[in-house]
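Subject: Structure handover

Hi,

Here is the structure for your files.

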Amino acid sequence: MNAMTRRVVIGTAAVSMAVSLAACGKAGDGGSAGGDGGDGKTIGLLLPENKTTRYETFDRPIIEAKIKELCSDCEVKYNNAAQDTETQKKQFDALVTQGVKVIILDAVDYKATKSWVQQAEKKGVKVVAYDRLAEGPIAAYVSYDNEKIGRLQGEALVKALGAGAKDADVVMINGSPTDPNAPLFKRGAHSVLDKQVGKIVYEQDIPDWSPDEANKKMGAAIDSLGKDGFQGVYSANDGMAGGIITALKKQGVKVPVGGQDAELAGLQRILKGEQSFTIYKQIKPEAETTAEIAVALLKGEKFAHLTPAKVTSLTGEFKNIPAKLYDAQIVTKDNIADTIVMDKVYKAADICTAEYKAACEAAGIK
């Protein structure tokens, strides 16, 4: 599906969803300001993309369930921008027009959001930045200590390189330039790798976190450096690690590769010995805290106990944004059982399909 068709499909879905929700509102409560949304019972949820499996599998259902638990008659209006900034702007503007007073926003392009959030604020709309810190007068921000995640990635790669780390040449495949977390992951990883490996011999930022693009860039790196020209690869996430590992296998190259997000396919590659590590971020507390803040904002309640930190936007323009930043941890073959399986992110049965049965048994996953 090309971008244009996708936009039309998403736009149509958004319109039909708005219409059906409006109909619900009218039937249930005689309607409300602007047809729907303006009843103080609606929370908007805008997620950035669906290439990374976490958003539809975890973030969305967890946020929606927590909002329902805290506010049984609240409505969640959900849209995914499929990595298109213009689509997300239309989705955001539509929520504001419909009278929605609280929007949870995970931005496609953090710089683009400044004017949206400023306009929304003038209309009394509160925006909670989720996972990525959007620009603008944000009411609250919930994410991880993303520079620390980059440091963890760097440390895990150094460990995977072993005794040869200090002389190792490393390829770095970084995340999307429009994602404000990507430069933080990169900065954190560099702070470790620049001191503890030989040198970074090839480095690229990948638009849209595209696994296909990561695959192409890894192919280009092998062509320019030679098959023996590097000893390890830093991949900013698991999706791209998949593309990178495919390119390496095609050329018969076997080196440590690490990712992030503890995606199912990434965990299976780790068990198979194709990927060295991932970073496990507990999505549940991040998603539930965001839902709690959104409901508190909707009801006009205080939420300072949920946001013990203060952050400044990446441009430095917006300061003292109330925030909660969660920790993350390195996951390797040795601790999948004690982290991912124990926390019920995935069941052993999800991970240990026929192809991975033996590897699961070897790793103590039952």
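Two strands count as paired if DSSP finds at least two bridges between them. Helices (H or I, at least four residues) and strands (E, at least two) are DSSP runs, numbered from the N terminus.

This is a predicted model: local features need pLDDT of at least 70, side-chain atom pairs count only at pLDDT 80 or more, and totals for chains, interfaces and linings use all residues. Residues are numbered from 1 along each chain as its sequence is written, and side-chain values use heavy atoms, with hydrogens and water left out.

**Around E3**

E3 (residues 102-105) has Val102 and Ile104 pointing one way. E3 pairs in parallel with E1 (residues 42-47) over four bridges. Val102 of E3 is the bridge partner of Ile43. E3 also pairs in parallel with E4 (residues 126-130), again over four bridges. There, Lys126 of E4 partners Val102.

**The E7-E6-E8-E9 sheet**

These four strands form an open sheet in that order, with parallel pairing. E7 (199-205) and E9 (257-258) are at the edges with a single partner strand each, so one side of each has no neighbour in the sheet. E6 (residues 169-174) and E8 (residues 232-235) run parallel, joined by four bridges. Val171 has Val233 in E8 as its bridge partner.

Regards

Notes
Buried means under 20% relative accessible area, exposed over 50%, partly exposed in between (1.4 Å probe, protein chains only).
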